[in-house]
Amino acid sequence: MDKKKVVAPLVCHGHSRPVVDVFYSPITPDGFFLVSASKDSTPMLRNGETGDWIGTFQGHKGAVWSCCLDKHALRAASASADFSAKIWDALTGDVLHSFEHKHIVRACAFSEDTHLLLTGGMEKVLRIYDLNRPDSPPREIEKSPGSVRTIAWLHSDQTILGSCTDMGGVRLWDVRTGTIVRTLETKSSVTSAEVSQDGRYITTADGSSVKFWDANHFGLVKSYNMPCVMESASLEPKYGNKFIAGGEDMWIRAFDFHTGEEVGCNKGHHGPVHCVRFSPGGESYASGSEDGTIRIWQSGPANNSEQETSGANVAADVTQQIEKVHITEEDKTDLKVAEAN
């Protein structure tokens with residue numbers, strides 16, 4: 001059966017309290033994986049395609065606010081209200097190292113080369129831990145002006161971006177100098193910041209607005225007003241032709257990237273949506289909610305030409321009209337063979 005025809009989401013139970021963060025690994029030789037953070041203190045690992053539970057990471061003594069996987073999906077990281085960030089073996093579930101902090105840790109992120117872990121939280125300090133020498137003191141860079149809410153790496157680990165819980169804007173740090181070099185201005189606090197898979201865009205959600213920024217020149221590319229306060233937004237990674245957003249009205253909405261027009265709306269959660277993320281191939285997306293569930297939704301093609309664009313066009317300019325690309329039956333066969341391999 002063609003998965004694209006399935007309308008009902010996969011509902012993933014297991015967390016006993018609100019789900020506040022979800023994170024997909026890149027595609028690995030073993031498939032791709034989804035890790036979730038919850039106020040129940042136990043991050044969970046799942047098969048990213050089916051949503052099937054793989055394991056639970058047990059060891060935190062407070063709410064877990066953030067979680068991530070390294071690019072090989074061999075290690076997980078988590079940031080917790082128990083004043084610690086932990087590194088986990090994603091195969092065994094064992095704690096590899098616990099990094100103690102002096103206050104609540106709200107965010108964590110592996111560097112692209114997987115050698116470093118970045119943390120931030122209520123201390124307003126960004127710390128960079130060398131995972132090859134986990135017992136060494138971390139490097140601390142210029143203080144954030146407010147309590148850290150989100151963090152991410154970009155520019156091949158040369159730049160760090162971060163947002164605050166108590167003020168607007170996204171700040172950019174130069175990793176070499178450790179100083180803030182630019183601020184992307186927003187009116188409201190940025191509750192979600194995502195670097196696109198191709199490294200071209202930064203997607204932010206602040207209040208009832210979703211914005212897209214040029215990740216290299218930092219200009220504002222697009223800004224769309226949303227129907228309600230959105231806590232999280234994610235750009236489709238393969239074609240860049242749509243984005244999703246979820247927030248206080250409990251619905252996950254899909255929008256056209258070029259026009260901002262709403263093109264879909266998924267209902268099913270019984271509480272506000274705290275996090276949304278596209279899977280690495282863009283064929284589905286996950287949402288985490290106050291209701292304690294994760295739901296995995298199929299993206300559903302707008303039309304065939306959007307979904308079956310040849311691989312050579314994936315890296316092309318996101319702003320081009322993908323619908324205009326004509327694909328022959330022979331190309332489709334080649335694509336299927338390539339996907340099978």
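The following questions and answers cover confidence, cysteines and aromatic rings in a predicted model.

Residues are numbered from 1 along each chain as its sequence is written, and side-chain values use heavy atoms, with hydrogens and water left out. In this predicted model, local features need pLDDT of at least 70 and side-chain atom pairs count only at pLDDT 80 or more, while totals for chains, interfaces and linings use all residues.

User: What pLDDT does the chain average?
Analyst: pLDDT is the predictor's confidence in each residue, from 0 to 100. A score of at least 70 is reached by 86% of the residues. The chain average is 89.

User: How many contacts does the model have beyond near neighbours in sequence for residues 302–341?
Analyst: One stretch with pLDDT under 50 is residues 1–6, with six contacts (heavy atoms within 4.5 Å) beyond four places in sequence. Over residues 302–341 the pLDDT is also below 50. Where pLDDT is low, the predicted coordinates should not be read in detail. For residues 302–341, the number of contacts beyond near neighbours in sequence is 41.

User: How many disulfides are there?
Analyst: A disulfide is a pair of cysteine sulfur atoms within 2.5 Å. The sulfur of C67 has its closest cysteine sulfur in C108, at 7.0 Å, so this is too far for a bond. For C265 the closest is in C228, at 9.5 Å, again too far. The count of disulfides is zero.

User: Is C265 buried, partly exposed or exposed, and what is its relative accessibility?
Analyst: Buried means under 20% relative accessible area and exposed over 50%, with partly exposed in between (1.4 Å probe, protein chains only). C67, at 2%, is buried. C265 counts as partly exposed, with a relative accessibility of 30%.

User: Which strand holds Y201, the partner of F257 in an aromatic pair?
Analyst: Rings of Phe, Tyr and Trp (its six-membered ring) pair if their centres lie within 6.5 Å; planes under 30 degrees apart count as stacked, over 60 as edge-to-face and the rest as tilted. Nine aromatic pairs are counted, and the one between Y201 and F257 is tilted, at 5.6 Å centre to centre and 55 degrees between the planes. Strands are DSSP runs (E, at least two residues), numbered from the N terminus. F257 lies in the loop between β23 and β24, so the pair ties together parts 56 residues apart in sequence, and Y201 lies in strand β18.

User: Which ring does the charged end of R106 sit over?
Analyst: A charge sits over a ring if NZ of Lys or CZ of Arg is within 6 Å of the ring centre and within 35 degrees of the ring normal. K267 lies over the face of W251, at 4.0 Å from the ring centre. For R106 the distance to the ring centre is 4.1 Å, and the ring is that of W65.

Notes:
Helices (H or I, at least four residues) and strands (E, at least two) are DSSP runs, numbered from the N terminus.
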